[in-house]
Amino acid sequence: MVSVAEAKRIILEHLFNPSVEFVPLTSAHGRILAEEIAADRDLPPFHRATMDGIAIAFDQYQTGQHRFAIGGVQAAGQPKQQLTDSAFCFEIMTGAPLPDGADTVIPYEHLSINEKLVTVLEAVSKGQNIHRQGSDAQKGALLLSKGFRISPAEVALLASVGKTTVAVYKNPTAAIVSTGDELVDVGETPLPHQIRKSNSYALAAALAETGCNARVFHLADDKTELEEKIKSLLENYELIILSGGVSKGKFDFVPKVLESLGVKKIFHQVSQRPGKPMWFGQSPRNTVFALPGNPVSTFMCFHRYVKPWLLKSLRTEVLKESAVLATDFSFPPKLTYFLQVKIKNESGQLMAYPAAGGGSGDFANLKDVDGFLELPLDRSEFNTGETFPLISFR
Ligand code: AMP
Ligand code: MG
C-alpha cells in the first residue's frame, strides 16, 4: 500500500510520451498546443478606429476649431485614405484604418451633424478612440507557448494569426473498461439484483473534458474472458482505464490478469478513502489505471490521479487549488479522506462545506458537490478555517 502523496508522485514519474499531430483550427478547442505561436503581423495591423464617428487632426481642434466639414468617409475594409486638409474631418467607422493626417476619433454621441457640417459637443483628448497598431503585439512577438490549453479565446488568437491547422500533442489511444456481472447497459431494464453501468459513461465524459476521446467496453467477472479481451485491448490502446474488480472479492481478477499479460504492477492499494483498492501499472506500450468500481471512488481517482497524469504527459498541468473547511470535521481512520464538498465563494475565499453525511455515500450526492477536499491521513480532527487541497470537478 502507498500513501496518496506517493501514489501521485509515482504516477507522475510514469508519464507517456506524446507525439505531435496537426488538427484543423475548428477541432483545436480543448487540445494542448505543441508549437509556439507568434504574431504574423502587428496586432492590430493598423491604427484602428474603435468608435463610429469622425477622425480629425487634434492640433486643428486645439487651435479652437470645433466645427468640421466632412471631407469623406473611411469605412472598415477600405484601404486607408488621407486627410489632406486638417480643416476637414473624415467620417470613420469602427474597425476602419485611421486616415493619414488624422490622429483622433470623436464618436457620433459627442457630435451634432447638420448637412455636411459637424459640431463637436464634448471635450476631446489627443489620440482618443484609436486602437494603435502593434499595441496588443508586435509582429514576431510570442503569443502562445507550447503546453497551452486551447480555449475559445486561444481559438480566436490562432485564427487571427492565420493558423488553419494547429500542432497539438496527440492523446493516447484510450479505452474505458467497466467490469462486473451485476451491470447492464443504460438502455436496459435491470432485474432486481442488477444495476445500470454508470462509471464508463462518467469516465468517458471526464476524459473528453480533457480533450481525449475513448472507446468504451464492458467485461464480465470471468477470468478467461478478462484475459482474452484485456489482451486485445492492450494491443490496441495505450491508455486503459478499468473500473471494478480490483478489490479482495472472489471475482476480482483484474490485477492478476493484468500482470499475467505483462503489465507491471507499480502499486496496488492507496491509503485513502474512497478508492483504497486502486491499482496502477505499465507495460512498454500501455499505462493502466484499474480503479475501484464504487462510482464515487472511480470518479475521485480519475480526477486525483488519471487526469493529472494525462495532462502532465501532454506537457500541461492541472491547476493546484485549495479551499477552506467551513465546518469542523472528524475522520479517525488512518487514511487520507477525500471529503465531498460544496464550494461557496465568501468574500473572495473559497469555503468548503461538507456534503450531508460527509459525502461518503452514493454518487447521487455528486450532483450536490463541486469537488473533494483532501484531508491528510496523519490527523483525525479537521477544524473550521483550515485550508486543504481541493480536487474540483466543475
Ligand atoms: P467492485 O470494485 O467491482 O467491487 O465494485 C464496487 C461497487 O461498485 C459495486 O457495488 C459495483 O456494483 C459498483 N460498480 C462497479 N462498476 C460499476 C459501474 N460501471 N457503474 C456503476 N457501478 C459500478
Ligand atoms: Mg465488481
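Close-up 1. F382 is buried, at 1% relative accessibility, where buried means under 20% relative accessible area, exposed over 50% and partly exposed in between (1.4 Å probe, protein chains only). F388 is buried as well, at 6%. Their ring centres are 5.7 Å apart and the planes meet at 80 degrees, so the pair is edge-to-face. Rings of Phe, Tyr and Trp (its six-membered ring) pair if their centres lie within 6.5 Å; planes under 30 degrees apart are stacked, over 60 edge-to-face, and the rest tilted. The model is predicted: local features need pLDDT of at least 70, side-chain atom pairs count only at pLDDT 80 or more, and totals for chains, interfaces and linings use all residues. Side-chain values use heavy atoms, without hydrogens and water, and residues are numbered from 1 along each chain as its sequence is written, with chains lettered from A and ligands numbered from 1 in the order in which they are written.

Close-up 2. Ring pairs join F280 and F289 with F16, F267 and W309 in a cluster.

**Close-up 3. K344 over the ring of Y353.** The charged end of K344 sits over this ring, 4.7 Å from the ring centre. The criterion is NZ of Lys or CZ of Arg within 6 Å of the ring centre and within 35 degrees of the ring normal.

**Close-up 4. The cysteines C212 and C301.** The model has zero disulfides, a disulfide being a pair of cysteine sulfur atoms within 2.5 Å. For C212, the nearest cysteine sulfur is that of C301, 18 Å away. C212 is buried at 0% relative accessibility, and C301 is buried with a relative accessible area of 0%.
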